[in-house]
Amino acid sequence: MNYKMMGRFVGKILMVEAVFMVPAMLISLWEKEYESVLGFFWSIVATAAIAGLLLAACRGTKNKFYAREGLACVGLSWIVMSLLGAIPFCISGAIPSYIDAFFEIVSGFTTTGASILPSVEGLPKGILYWRSFSHWLGGMGVLVFLLAITSVGRSDNGFTMHLLRAESPGPNVGKLVPRMRQTAGILYLLYILLTVVNVIFLLIGRMPLFDAVCTAFGTAGTGGFGIKNDSIAGYTPYIQNVCTVFMLLFGVNFSCYYFLLIRNFKSVFRDEELRMYFGIAAGSIALITLNLRGVYETLGEALRHASFQVASIMTTTGFATADFDLWPGFSKAVLLCLMVVGASAGSTGGGFKCGRLLLVIKSLRRSVRQVVHPQRVQAVRSNGQPVDEKVLQNTNAYLAAYAIIIGVSFLLISIDGFSITTNFSAVLACFNNIGPGFEMVGPTCNFSGYSVFSKLVLIMDMLAGRLEIFPILILFSRSTWTRR
């Protein structure tokens, strides 16, 4: 293990986090929220000091970085970043309990949007900004940001790919251009551009600037922390429709936007995952709209709410315009399925991912055909290209780990005695980085009722879900730290 290289990366990440706390502190200073100013000031000092110590202690390291270090480094970075990112909540008094503050910031960085706060409208603006910005920073990934803005040496040496694969969602991660730093830069430029366009459209709808920026952060990161107690329900239909469109856009694989920019339209149109993503979304909207005909006065209103919630749940954003926990059972069943399906690989969304689901279906179809024709050699193809067997093996391993973690987490938090629906949807909502579930963790409720133990379980679920399971498993595996 190259511990010095890992320490250097963690130090750089903490330095980035300290810098990004400065705008929140300035907003608090402008709003004369002096307790929040102190909270951010001491958090910045502590984070920068730890970062400085790590960078000083890890000087002169060699740029040798392999898959084991990459996965462990990503998992460790997100945990340390969250531990320090929770400090402003505690010092400012916005969230006195550190465990609750830790839950809140992990929910922010992992773009989950599950909250322990019964009310957010009374929070200081600096704290609201930090909550929302944590979505934006975690959406594309802080390590991707670090790779985009810093030099990693004379050459990538392969280790930047290990970092990008560990933090980027999806069954397979590749380069858009030959160098990984350029790939990371392109991803973040697209991310920033879409966020700015989102803010502009919200401002056109006369949404206040602060509201527009925070809402765009939550939409871009597919996070879902709102700055209003009713989430997006109190805004106009225009703003709700804008959020619907941009939630769906941020659930698309960002490589598709790159291909559009370079006018490689053929690659976009033949993308099977993209067609599956929009097909599932359109079908779910149609089914729920028909099921809600008697719930709302007009078909148009039913369509608007159905479209918003399908986009919100499928992209794992977690915004709400209605209490969908009161919807008919069929509509809730569709939303529950969408919690698992999730968005596209290579997007800011969570869930199992349409790309993985597509591979699982194709792999299952191949297995059925091989039973009928055992001598026939068949390759699984995606977008016309054969899929590497290692990718299929990783997908199957991910599916197994996915099911086991959900089952174990469900059993563990059931100790608190809540209903099966509450506990199961809470695990799905946290592990798939969605936010709201059903019943006691529904869109009008929160996660504050769970015990400290259950909150810690759900925190690990959020981290494992955002980091695609393996970085967290490897981080806590004894073999990772054993000399070979």
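How many helices and strands does the protein have? This predicted model has 21 helices and two strands. Of its 484 residues, 58% count as buried. If you look at contacts with a separation of 6 or more, 72% of them come from residues 24 or more positions apart.

**Helix 14 and its two partners**

Let's start with some helix packing. Two packed helices are described by the angle between their axes and the distance between the axes. Here is how that works out for helix 14, which covers residues 272-291.

| Pair | Axes come within | Crossing angle | Handedness |
|---|---|---|---|
| Helix 14 and helix 15 (residues 299-314) | 8 Å | roughly 140° | right-handed |
| Helix 14 and helix 16 (residues 329-341) | 9 Å | roughly 160° | left-handed |

Take helix 15 to begin with. The axes of helix 14 and helix 15 cross at roughly 140°, and that makes helix 14 oblique to helix 15. On the helix 14 side, the contact is made by Tyr-277, Ile-280, Ala-281, Ser-284, Ile-285, Ile-288 and Thr-289. Helix 15 answers with Leu-299, Ala-302, Leu-303, Ala-306, Ser-307, Val-310 and Met-314. Sorted by class, this contact has eleven nonpolar residues, three polar ones and no charged ones.

Now for helix 16. Its axis and that of helix 14 cross at roughly 160°, and angles over 145 degrees count as roughly antiparallel, so that is the label for helix 14 and helix 16. Helix 14 brings Ile-280, Ser-284, Leu-287, Ile-288 and Asn-291 to this contact. From helix 16 come Phe-330, Ser-331, Val-334, Leu-335, Leu-338 and Val-341. The residues here divide into eight nonpolar, three polar and no charged.

**A look at Thr-110**

Where is Thr-110 found? Thr-110 sits in the loop between helix 5 (98-109) and helix 6 (125-140). Is Thr-110 buried or exposed? With a relative accessibility of 0%, Thr-110 counts as buried, because the cut-off for that is under 20%.

Leave aside the neighbours within four places in sequence, and Thr-110 is in contact with Trp-78, Asn-433, Met-462, Leu-463 and Arg-466.

Notes:
Residues numbered from 1 in each chain as written. Predicted model: local features only at pLDDT ≥ 70, side-chain atom pairs only at ≥ 80, totals over all residues. Heavy atoms only, no water. Axes fitted to C-alpha atoms, helices over the stretch in contact; angles between N-to-C directions. Helix = DSSP H or I, 4+ residues; strand = E, 2+ residues; numbered from the N terminus. Parallel < 35°, antiparallel > 145°, perpendicular 65-115°, else oblique. Left-handed = near helix turned anticlockwise from the far one by under 90°. Contact = heavy atoms within 4.5 Å. Nonpolar A, V, L, I, M, F, W, Y, C, P; charged D, E, K, R; others polar. Buried < 20%, exposed > 50% of the residue type's maximum accessible area, 1.4 Å probe, protein only.
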